[in-house]
Amino acid sequence: DRLAQGAVDIDPPPLDAESEPEKPEPELPPTKVLVQMVLSPGLALLAPNWNVSRSEVEQLSECYAAVIDKYFPNGMGNFGPEIAATVITLAVFGPRLNTPRKVEEKKTDETAAADAGAH
């Protein structure tokens with residue numbers, strides 16, 4: 001029994017909901033990286049003919065990151081998942097924006113004539 005009593009003394013008490021240790025917040029990438037994650041696909045989507053280079057995106061990201069860090073010195077909060085979702089959405093749907101959502105049915109001569117007569 002003494003051995004069992006010793007084991008009880010060594011083991012820590014069970015944690016309840018009130019004494020549970022706090023989990024550290026996940027660390028976000030630097031602001032510059034977050035800005036690059038938005039700017040790079042954003043520029044490729046909105047202005048592909050501008051051919052903005054990677055180094056230009058890095059320079060823009062560095063400048064905008066400094067502004068964001070100035071006004072949000074403690075970070076922008078835990079927006080990592082939201083930023084990632086936005087970037088991926090832009091990357092997936094952006095190139096398709098000028099593409100019709102549905103395939104147009106090819107009209108036969110009969111349906112084309114019927115459509116022309118209906119007007």
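The model is predicted, so local features need pLDDT of at least 70 and side-chain atom pairs count only at pLDDT 80 or more, while totals for chains, interfaces and linings use all residues. Residues are numbered from 1 along each chain as its sequence is written, and side-chain values use heavy atoms, with hydrogens and water left out.

**View 1. Helix H2 spans residues 31–46.**
Helices here are DSSP runs (H or I, at least four residues), numbered from the N terminus. H2 has 16 residues and reaches 22 Å from its first C-alpha to its last. That is close to the 22 Å expected at 1.5 Å a residue (1.5 Å times one less than the number of residues). Its buried residues are Thr 31, Leu 34, Val 35, Gly 42 and Leu 43. They cover an arc of only 135° around the axis, which puts them on the same side of H2. Buried means under 20% relative accessible area, exposed over 50%, and partly exposed in between (1.4 Å probe, protein chains only). The arc is that of the directions from the helix axis to the C-beta atoms.

**View 2. Helix H3 spans residues 54–71.**
H3 has 18 residues. From first C-alpha to last it reaches 26 Å, close to the 26 Å expected at 1.5 Å a residue. Val 57, Ser 61 and Ala 65 are buried in H3. Seen down the axis, these buried residues fall within an arc of 70°, so they line one face of the helix. The face turned away from the buried side carries the exposed residues Gln 59, Cys 63 and Lys 70.

**View 3. H2 and H3 pack together.**
The angle between them is about 130°, and their axes are 8 Å apart. Axes are lines fitted to C-alpha atoms, for helices over the stretch in contact, and angles run from 0 to 180 degrees between N-to-C directions. H2 and H3 are therefore oblique to each other. The buried residues of H3 pack against H2. Contact means heavy atoms within 4.5 Å. Residues of H2 that meet H3 include Val 35, Leu 39 and Leu 43.

**View 4. Thr 31 lies in H2.**
At 16% relative accessibility, Thr 31 counts as buried. Thr 31 touches Ala 65, Ile 68 and Asp 69, not counting residues up to four places away in sequence.

**View 5. Cys 63 sits in H3.**
Cys 63 is exposed, with a relative accessible area of 52%. Its C-alpha is separated by 8.3 Å from that of Lys 32, 31 residues apart along the chain.

How values were computed. Helix = DSSP H or I, 4+ residues; strand = E, 2+ residues; numbered from the N terminus. Parallel < 35°, antiparallel > 145°, perpendicular 65-115°, else oblique.
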